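Dear colleague,

I am handing over the structure we spoke about, with the sequence and the coordinates placed just below. My notes on what was found follow after that, and I would be glad if you read them alongside the model.

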Amino acid sequence: MKIKELAELIEGQVEGSGDIDIKGLSGIDKAKSGDLTFAIDEDRLAGAEKSNASCILTNRTIRKSSKALIRVTNPKLSFLIIYNTFNAPKDRESFIHPMATVSDSVTMGKNVWIGPNVSIEEGVKIGDHVIIESNSSIKKNCKIGSFCRIYPNVTLYDNTELQKNVTLHSGAVIGSDGFGYVKDKGKIYKFPQLGKVIIEDDVEIGANTTIDRGSLSDTVIGAGSKIDNLCQIAHNVKIGKNGLIAAQCGISGGTIIGDNVTMGGKVGIADNLMIGDDVTMGAASVVIGSIKKGSVVWGYPARSIAHTKRQMAILSRLTKNSRKANSLGKR
Amino acid sequence: MKIKELAELIEGQVEGSGDIDIKGLSGIDKAKSGDLTFAIDEDRLAGAEKSNASCILTNRTIRKSSKALIRVTNPKLSFLIIYNTFNAPKDRESFIHPMATVSDSVTMGKNVWIGPNVSIEEGVKIGDHVIIESNSSIKKNCKIGSFCRIYPNVTLYDNTELQKNVTLHSGAVIGSDGFGYVKDKGKIYKFPQLGKVIIEDDVEIGANTTIDRGSLSDTVIGAGSKIDNLCQIAHNVKIGKNGLIAAQCGISGGTIIGDNVTMGGKVGIADNLMIGDDVTMGAASVVIGSIKKGSVVWGYPARSIAHTKRQMAILSRLTKNSRKANSLGKR
Amino acid sequence: MKIKELAELIEGQVEGSGDIDIKGLSGIDKAKSGDLTFAIDEDRLAGAEKSNASCILTNRTIRKSSKALIRVTNPKLSFLIIYNTFNAPKDRESFIHPMATVSDSVTMGKNVWIGPNVSIEEGVKIGDHVIIESNSSIKKNCKIGSFCRIYPNVTLYDNTELQKNVTLHSGAVIGSDGFGYVKDKGKIYKFPQLGKVIIEDDVEIGANTTIDRGSLSDTVIGAGSKIDNLCQIAHNVKIGKNGLIAAQCGISGGTIIGDNVTMGGKVGIADNLMIGDDVTMGAASVVIGSIKKGSVVWGYPARSIAHTKRQMAILSRLTKNSRKANSLGKR
């Protein structure tokens, strides 16, 4: 495809020859002749010019270049639009591997692909264009919506519900029992975990992440949310739409999280809190109270990020002064 | 079963009609007509009254209600007793799925159920009423006591010992090599990991939790302890009886933990410490020293919870005062 | 083997009878008659003397003992050298389990052992003496070097490259998609994850650890590095040679880590930082800035360990003084 044709696709403006053929996409480090790459600032533009790339996707205001440019408002977004245009997932033919174990009572839509050693138990309902890869286990009465993709070694417990276009990476465990116990006279009794997990449309769940079923209500992951690797979502948690939750976060039981919430890595949230819409939590925040809509928090415990930074500055000053005082004292 | 019959089961006191038939149990949100639910306080009682539930399990002292009540000392405990009475796990018939791979040298008790794609290696001994679900791998010479339940995609390394009624959730890895290395002249040598993991009676282990085998002694999880998802228990750790360890905790090598210890989520404990009986560690505590029996600790590093809260209050005051001082200064 | 023969192997000096036969190795707690054990200090020497061990490996300067000793410079290192001498991994015969699913296009070296329910997809290349255990999934075009060992329930995504003598513990997921999204007008778009994971020689990866593929460049784990359980290595991270990374660490996208770096458990590192060679990070450090070669850091946020310890001491003093002031005030 020619540079000028790609530019049309993303409403970009060509600078230099628009007639060069583009054969692939790549990052600056790996760009070969015929490749399109992208540069979001001056430094990266210089790097891209040194590479063998034939065309650079960049922003509207940056300097001119010796190489052909396509100028757009958001080069990273345009890059992924071009990528997705040429790499739309191919439809797989209907296929059930002979080493898969699929109960007779399972229902399936069109173009479902099931790999070796997959186990699918009684009553599972599977939509169209679903892919379930090797060594995954789907327990009883799960519902798996159209265009879901399940990577190898995933486990879904009974009654788990995946809506449309949900992606589960390897080792994810969805629907395990919540951590609910009642202590009485030194003995520990397990509380019934009767709810299920509902994962709405367009959610992506990272490798080895665990999401527990609800105890009396359900655990819900809202449409469009993305959860990274090794996160723990406890029973009865509800996460709103379009959340972004980085790796190793943990959300304790019963906490309700609004829409468009962003969590850095390793954030921990206590149980039964309310986190408003549009909240941002910095990495490693330890959240022990509810948070109002739109807040940006950080720290141990999490406070407004301005408060936490000021506190750290004061502590640093105190520490340095004490060192000075000590060394003056010694003299 | 009638309300008055259920009340007898849990030594409860009926208020209102005891003759209504109860067909199911559920949380307040999902209660249908014919269901029993429970309410531990005024707010929840009001909620339960608005639901379709036919009977509410509640405490001895709360106000009267328009719905039938059963009054007990601990409604949550009574609810689970009723639940467990009607949902005792059913005995499964002996069954080995044709897609399972079981070594000839494996010995098995009565009513053992083994799912598809399970691999059980040489010398494994399995007790009565054991369930091992799909895609789990049991390596050589493991011992699995009666009434153990292993969910899909679990791995047991060689010689792992599960005593009676142990539950392992999906993705748990028990008996992997400990992180033991010796550095010499810039090279890293692996130290032998010769011990095993022993998990005593009535333990439950969460999804994707990892427990390493001992290096020279064994790693031991005491009877009745419950460990949540994504925890790391390092080599040679000993955990006492009836511990409650929430998600994403990590216990470093050689640490000894007493009985009845409670850990909030994300607690980290350094290596070779002694944690006394009845200790409680707040969520995200960073424990770098041994802790005496009965202590309640929190913080980074963990101190008595009173100390940590006072310290946080002082820091907050300092930070606010400095802001005031700054803004006065500007004026 | 006689004590004097073992002593020669490790350049040790025998004290007491060198003619006793040694039949096994063990820790002090489990030592039987005929066993060799080791003691690195006076306390442990006393313990070893009370055990049934027939010989104690100890240092050059410790007191004499009633039992036979072998004195060496580093008893722990010598112990593992003896262990490894007698427990060299045995070569397995070539074997593909009939329940494994191996694509016709896979190429394999000599003495490759493949367990039940392993799935190996198109184009995978496997070297000599490789072991792949039950229920592991190897996706398309992976390269697995000689002497690699893959425990059960591991997943390798497409194009993952293991060089020589790499060990992957159970539940590890290598090559999953990085957490890369672009937000535009309230929608979240997935950024292409086109790179791969390269794991160099002699690396060991712990149970349930996740390593994401690069987005535009590759994720690289340097030769000789050891990564413990439940760690998260994000896309485009490069880790140098001989790193030691304890459990539950998380390294965010694009961070470059030098050689010989040591991380305690639960360390978190922000994205796109540079961590120099020979850096040590204390457990639970929250690293938000680049770190110079040779530094030792700790804390939230991580600072030089001396700074963090001084700061904690000052805070403790402030807190205690305020308690004194309060109690004086009350009087």
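**Contacts between the chains**

The contact between chain B and chain A takes 45 residues from chain B and 39 residues from chain A, where two residues are in contact if their C-beta atoms, placed from the backbone, lie within 7 Å. On the side of chain B that touches chain A, the elements that give two or more residues are helix H3 (75–86) and helix H4 (305–330) of chain B, and the largest share, six residues, comes from H4(B). Helices (H or I, at least four residues) and strands (E, at least two) are DSSP runs, numbered from the N terminus. By class, this side of chain B divides into 17 nonpolar, 20 polar and eight charged residues; Ala, Val, Leu, Ile, Met, Phe, Trp, Tyr, Cys and Pro count as nonpolar, Asp, Glu, Lys and Arg as charged, and the others, Gly among them, as polar.

Please keep in mind that this is a predicted model, in which local features need pLDDT of at least 70 and side-chain atom pairs count only at pLDDT 80 or more, while totals for chains, interfaces and linings use all residues. Residues are numbered from 1 along each chain as its sequence is written, and chains are lettered from A and ligands numbered from 1 in the order in which they are written.

Chain C meets chain A through 39 of its residues, which are in contact with 45 residues of chain A. The elements that give two or more residues to this side of chain C are strand E19 (173–176), strand E20 (181–184), strand E21 (187–190) and helix H4 (305–330) of chain C, and H4(C) gives the most, with four residues. The side of chain C that touches chain A has 17 nonpolar, 19 polar and three charged residues.

**How the copies are related**

**Within the chains**

Chain A has four helices and 38 strands. Its radius of gyration is 25 Å, well over the 20 Å that the globule rule gives for 331 residues, so chain A is more spread out than a compact globule; the radius is taken over C-alpha atoms, and the rule is 2.2 Å times the number of residues to the power 0.38. Along the principal axes, the C-alpha atoms of chain A fill a box of roughly 80 × 80 × 35 Å.

In chain A, strand E20 (residues 181–184) and strand E21 (residues 187–190) run antiparallel and are joined by four bridges, two strands being paired if DSSP finds at least two bridges between them. Val182(A) stands opposite Tyr189(A) in E21(A). E20(A) and E21(A) form a hairpin with two residues between them, and Lys185(A) in the turn has a positive phi of about 50 degrees.

With best regards
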